[in-house]
Amino acid sequence: MNSTSSRPRWKGGSIIVVGAGIGGLAAAVSLAQKTEHSIRVLESSPTLKETGAGIQITPNASRILTSWALKDDFEAVATLSDYMEVRRYATNEAIGLVPSDAEGYATRVWGSPHWTIHRADYQQILAARAASLGVQMSFGAKVVSVDSEACTVQLADDSILAAELIVGADGIRSRVRSSIPRLAEITPLRAENYCYRVLLTRQQMLSHPLVAEVMLNPNRMAWAGHKKHIIGYPIAHGELYNLVIIIPDVHQSAPLNQYNQPGSVEEMLDEIQEWHPAVRTMLRQADSCAKWTLADLPPLPTWHSDSGRIVLLGDAAHATTPHAASGAALALEDAEVLGCCVAACAKVGDLPKVMEVYESQRKKRCERVVEVSRQNANTFSMPDGEAQRVRDAQFAAATERVLAQVRGDQKLVVPEADMEKPFPSPAFLMWLYGYDAIKAAEDSIRELDL
């Protein structure tokens, strides 16, 4: 076993990161903190603009952000929830609770807090940190092709940029991915559902007593319904309320690249006619909504080119549906591990070996989360019937156990991590949320023989 501190370090190279979403910015921050290379982020949009609304920063991700000295920045704009509260769609009665930050549970069990935040705030914090580290941001820089042999990118203005390393953080329809010969034919897989996204103001939420109760609830919400479900939680310190409504995609007619299209509030309301008045009243407050088609990727045969100089990260490598609230967290883990791997290089020629380490660390874990996210589309959307009643009984029993621990009536149990257990069992959540990407990366790098 070699010590990384005694090895010579590759310095002065150039790295291009394609995409300025959360994954791309996280990669830029990690690489800039850990290496002495010139880093440039290429973003096709003319400005830094994140679509969507709320996003969850699960403990495995907040652990990394804290290690990047960004905890204060995030806590200034993030919201903490005591539990995820699961309710019946038609009666609004509570089914169960999944613990979050009540009495510091997330930190005590998983090692770090569980935040919710507006995506735009998330992106702005990462962008500011990247800029402070000297990362160059290029907006309006649309990549039209990537040459994996020459390690160059061609932009829409016909300029060609070269680098020692190109990081593809350009999403599910990645141009960087298509430049790797073994991945050229990979296409997204349509999910069995689509979603509406709604963002309500505090004023809208407090305008009706039934809805105000939801806004003032310290928990994240999951309304489990017949073939549909809704996730909701406050963001921006309770000034906004984020809602995602999951609907079966019966017709499957919308193109897969339509991720943030204007939706019809009337059509959305038609989908929840059988739901409790509190839910219907809440969504009637919406002035607008967005409609998203959902898709993920099949397992890829590789995440990098043979030369190791083209590598994928985040949705470009393992796009997932939102049903495990883990897409951005996985991208953050990718960024941390990738940064450690590149920092271990003594020369460009080490890239193939370190990219194998990066992929071996990340691939199995990410593919399991993609699989679980597919399954979770049905966890809260079970048709009414016997299976649904069994699920509800299991949630109720689990709630009693965890409440006793949170209250201190029973000893707090830190479960063994088990990736094969179902979501949201304590063992699976331990594997998902308790994962330490920093330690995993450092352990792998210590085993490298460079």
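Colleague: At roughly what angle do the axes of helix H1 (residues 22-34) and helix H5 (residues 119-132) cross?

Modeller: This is a predicted model, in which local features need pLDDT of at least 70 and side-chain atom pairs count only at pLDDT 80 or more, while totals for chains, interfaces and linings use all residues. Residues are numbered from 1 along each chain as its sequence is written, and side-chain values use heavy atoms, leaving out hydrogens and water. Helices (H or I, at least four residues) and strands (E, at least two) are DSSP runs, numbered from the N terminus. The axes of H1 and H5 (lines fitted to C-alpha atoms over the stretch in contact, with angles from 0 to 180 degrees between N-to-C directions) come within 9 Å, and they cross at roughly 25°.

Colleague: How far apart are the axes of H1 and helix H12 (residues 327-343)?

Modeller: H1 passes H12 in a right-handed crossing, and residues of H1 including Ile22, Gly23 and Ala26 meet residues of H12, among them Ala328, Ala331 and Leu332. These two helices pack at an angle of about 25°, and their axes lie apart by 8 Å.

Colleague: Which residue of strand E7 (residues 115-118) is the bridge partner of Ile55?

Modeller: Strand E3 (residues 54-57) and E7 pair (at least two DSSP bridges between them) in the antiparallel sense over four bridges. Strand E4 (residues 79-80) also pairs with E7 in the antiparallel sense, over two bridges, and there Thr79 stands opposite Thr116. For Ile55, the bridge partner in E7 is Ile117.

Colleague: Are both faces of E7 covered or uncovered?

Modeller: Trp115 and Ile117 on one side of E7 are buried (under 20% relative accessible area, with over 50% exposed and partly exposed in between, using a 1.4 Å probe and protein chains only).

Colleague: How many of the nine residues of helix H2 (residues 59-67) are buried?

Modeller: Helix H2 is mostly covered, and its buried residues are Pro59, Asn60, Ala61, Ser62, Arg63, Ile64 and Leu65. Out of nine residues in H2, the number buried is seven.

How values were computed: Left-handed = near helix turned anticlockwise from the far one by under 90°. Contact = heavy atoms within 4.5 Å.
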